Each structure stands twice: as structure tokens, then as C-alpha cells.
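Hi,

Here is the structure we spoke about. Please load it and read the notes below alongside it.

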Amino acid sequence: MSISDAWDAAVPESALSPATILPRSTSIEALDIHDCPSRGVFGFDSRDRRSRPFNLLRAQMIKIMRARNWKIIGITSATPRVGKSFMASNIAASLSRIPGTRTLLFDLDLRRGSIAEKFDIPEGPGINSFLAGEIDSLDAAAYDVADTGLTIFPSFPTNDSSAELLAGSRLRTLVKAMRSLPGNIICICDLPPAFANDDTAIVLREIDAYLFVVEEGRTTANQVRDAIELLNPAPCMGTVLNRYSGGIGSDNYGFGYGSQRYYDQYYN
């Protein structure tokens with residue numbers, strides 16, 4: 001018996017309606033983006049040259065998602081501390097600037113979620129509260145980022161087993177709610193590292209695909225290969241190389257942070 005089957009045997013299928021889970025009003029708490037760069041979130045400001053890599057990535061993601069009719073994308077890595085949540089936050093911020101588009105960022109890294117810290121969200125109800133049955137709607141866990149199209153659903157430390165929470169019927173109902181949203185809404189899920197537990201493999205059974213983050217000098221080729229094999233058959237939409245230093249002084253396109261001096265005049 002799988003974890004999902006075992007958990008569902010103990011917790012009956014939720015009677016919740018997907019239409020009642022996600023907030024649809026704008027009367028939810030608003031966050032200020034002005035301090036975000038100090039916490040490593042640059043994607044909100046198109047005039048900040050540090051946002052450029054995320055804008056380029058955003059364009060590629062949208063092209064793939066539209067071609068394959070994907071709506072819900074997870075972001076993961078092989079191991080911790082390679083920039084997975086950094087990437088998820090900045091991609092969501094960059095996507096949120098597209099006119100007519102709304103982006104929802106869900107922190108499903110229930111063991112070590114860091115999205116709340118990156119956006120300075122005080123501890124309170126979160127995704128973990130919903131999955132544990134403490135709340136039946138995410139209204140209390142939704143945070144709009146002022147003057148953007150981004151809404152954040154953080155998670156906070158919990159004593160509950162993350163795998164069992166993610167394998168339960170409430171996650172499936174939440175995903176149904178995401179899929180029922182209008183076509184102009186994109187859902188980004190910050191997932192745990194692939195080798196941390198089976199949490200990510202459980203979530204990827206429900207969502208469309210994932211983006212894989214690797215760090216130069218830290219993530220090995222074996223880790224990438226083994227993680228992608230572990231997560232099969234979930235589609236990998238691509239990999240992102242974080243902290244790439246090869247572009248310094250030699251990157252004609254200016255992808256490396258060191259070579260972005262070539263773009264100073266353009267951005268200023």
C-alpha cells in the first residue's frame with residue numbers, strides 16, 4: 001500500500017469544494033515590495049538589472065506552458081541550499097509583472113519553507129494549516145503583493161508529517177482548485193529538494209511539470225541524473241544553473257552577474 005493509499009484510508013476524501021478553497025476577492029492582506037531586494041527578490045523591478053535573468057527565464061517558461069497547456073509548475077532541486085526558493089520567488093515576481101496575468105506562489109516545502117521569510121510574512125495560518133485540516137479555506141493564508149499580480153500562500157513549521165499531509169485528499173482538492181482558475185492565472189509551487197523525502201514525488205503526481213535548479217560547483221551530474229530519474233515520469237520542463245560564474249568577463253550576452261556592467265547604460 002502506498003503512502004497516499006494509507007493516508008486516504010485514515011482520512012476520508014475531503015468534502016471540500018475546490019471553488020471554496022482559494023480566495024477570489026481582493027480583500028486580503030497586502031505586502032510591500034520595497035524591501036524585497038534586501039532579501040534577494042529582484043523580479044518585481046524591471047529596471048533592476050538583477051531581474052534580467054528571471055525575465056529571460058519567464059519568457060521561456062510561458063512559451064513552453066502555452067504550448068503544452070500547463071498551468072501548475074513546481075520548482076525543485078536535488079539537495080538543499082542551491083537556490084530553489086530564491087528561484088521560485090524571483091520567477092513568481094517576474095511573472096507577476098505581465099499585464100493581464102496573475103501569479104500564485106505556493107510554498108509546499110512544508111519541512112523547511114522559506115517563502116514567508118523572503119517576503120517578510122509574519123507567522124500565521126498557511127498551506128500547512130489547510131493540509132492539516134485546521135482551516136478549510138486559504139483566505140487567511142493569502143498575501144497579495146501590492147501593485148503586482150502576485151498572491152503568496154506561505155507555509156510555516158509544523159509537527160505534522162509532511163509526506164502524509166501532501167499525500168492526503170486535501171492537496172488533490174487544492175490542485176483541482178488551481179486547475180479551475182481562469183486561464184490567465186499561473187501557479188508556481190516551491191517544492192522540497194528531491195532527495196529530502198518523497199514529498200516532491202508525491203506532489204508531482206498531481207501538478208503539470210517541474211523546473212529543476214542546480215548550482216554550479218555544488219550540484220553534481222550524478223545528483224541531477226538520479227533526481228530526474230527519481231521524479232519520473234513527471235515532466236521536467238528544464239534546468240536552471242544558479243550562481244553561474246562562467247559569464248564573468250567572457251559572456252557576450254551578459255548572462256553572468258559580473259558581465260552585467262555591459263547593461264548599466266541600458267537599465268539606467
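**Surface charge**

Asp32, Asp35, Asp120 and Asp147 form a negative surface patch. Bear in mind that this is a predicted model.

**Aromatic pairs**

The count of aromatic pairs is five. One of them joins phenylalanine 42 and phenylalanine 86. Their ring centres are 6.5 Å apart and their planes stand at 75 degrees, so this pair is edge-to-face. Where do the two partners lie? Phenylalanine 42 is in the loop between strand E1 (29–31) and helix H2 (52–68), while phenylalanine 86 is in helix H3 (residues 84–95). The pair therefore ties together parts that are 44 residues apart in sequence. Phenylalanine 42 has 11% relative accessibility and counts as buried.

Phenylalanine 86 also pairs with phenylalanine 54. That pair is edge-to-face too, at 5.6 Å centre to centre and 75 degrees between the planes. Phenylalanine 54 belongs to helix H2 and phenylalanine 86 to helix H3, so the pair links distant parts of the chain, 32 residues apart. Phenylalanine 54 is buried, because its relative accessible area of 3% is under the 20% limit. Taken together, ring pairs link Phe42, Phe54 and Phe86 into a cluster.

**Salt bridges**

How many salt bridges are there? The count is eight. Three of interest follow.

- Arginine 50 and aspartate 48: the closest N and O atoms are 2.8 Å apart. Arginine 50 is partly exposed, at a relative accessible area of 33%. Aspartate 48 has 12% relative accessibility and counts as buried.
- Lysine 84 and aspartate 190: the closest N and O atoms are 2.9 Å apart.
- Aspartate 136 and arginine 170: the side chains meet at 2.5 Å, N to O. Aspartate 136 is in the loop between H5 and strand E4 (143–145), and arginine 170 is in helix H7 (residues 169–179). The two are 34 residues apart in sequence, so this pair also ties together separate parts. Aspartate 136 is partly exposed, with a relative accessible area of 41%. Arginine 170 counts as buried at 15% relative accessibility.

The second bridge belongs to a network: Lys84, Asp109 and Asp190 are linked by salt bridges.

**Helix H7**

Is H7 enclosed or open? Nine of its eleven residues are buried, so H7 is largely enclosed by the rest of the structure. The buried residues of H7 are Ser169, Arg170, Leu171, Arg172, Thr173, Leu174, Val175, Ala177 and Met178. Arg170 in this list is the salt-bridge partner of aspartate 136.

**Where to look**

Start with the ring cluster of Phe42, Phe54 and Phe86. Then go to the network of Lys84, Asp109 and Asp190. Finish with the negative patch of Asp32, Asp35, Asp120 and Asp147.

Best wishes

How values were computed. Residues are numbered from 1 along each chain as its sequence is written. This is a predicted model: local features need pLDDT of at least 70, side-chain atom pairs count only at pLDDT 80 or more; totals for chains, interfaces and linings use all residues. Side-chain values use heavy atoms; hydrogens and water are left out. Patches are made of residues with over 30% relative accessible area and no salt bridge: like charges are joined within 9 Å, nonpolar side chains (Val, Leu, Ile, Met, Phe, Trp, Tyr) within 5 Å. Accessible areas come from the Shrake-Rupley method with a 1.4 Å probe; for residues, only the protein chains shown count as cover. A salt bridge is a side-chain nitrogen of Lys or Arg within 4 Å of a carboxyl oxygen of Asp or Glu. Lys and Arg count as positive and Asp and Glu as negative; His and the chain ends are not counted. The place of a charge is taken as NZ of Lys, CZ of Arg, CG of Asp or CD of Glu. Rings of Phe, Tyr and Trp (its six-membered ring) pair if their centres lie within 6.5 Å; planes under 30 degrees apart count as stacked, over 60 as edge-to-face and the rest as tilted. Helices (H or I, at least four residues) and strands (E, at least two) are DSSP runs, numbered from the N terminus. Buried means under 20% relative accessible area, exposed over 50%, partly exposed in between (1.4 Å probe, protein chains only).
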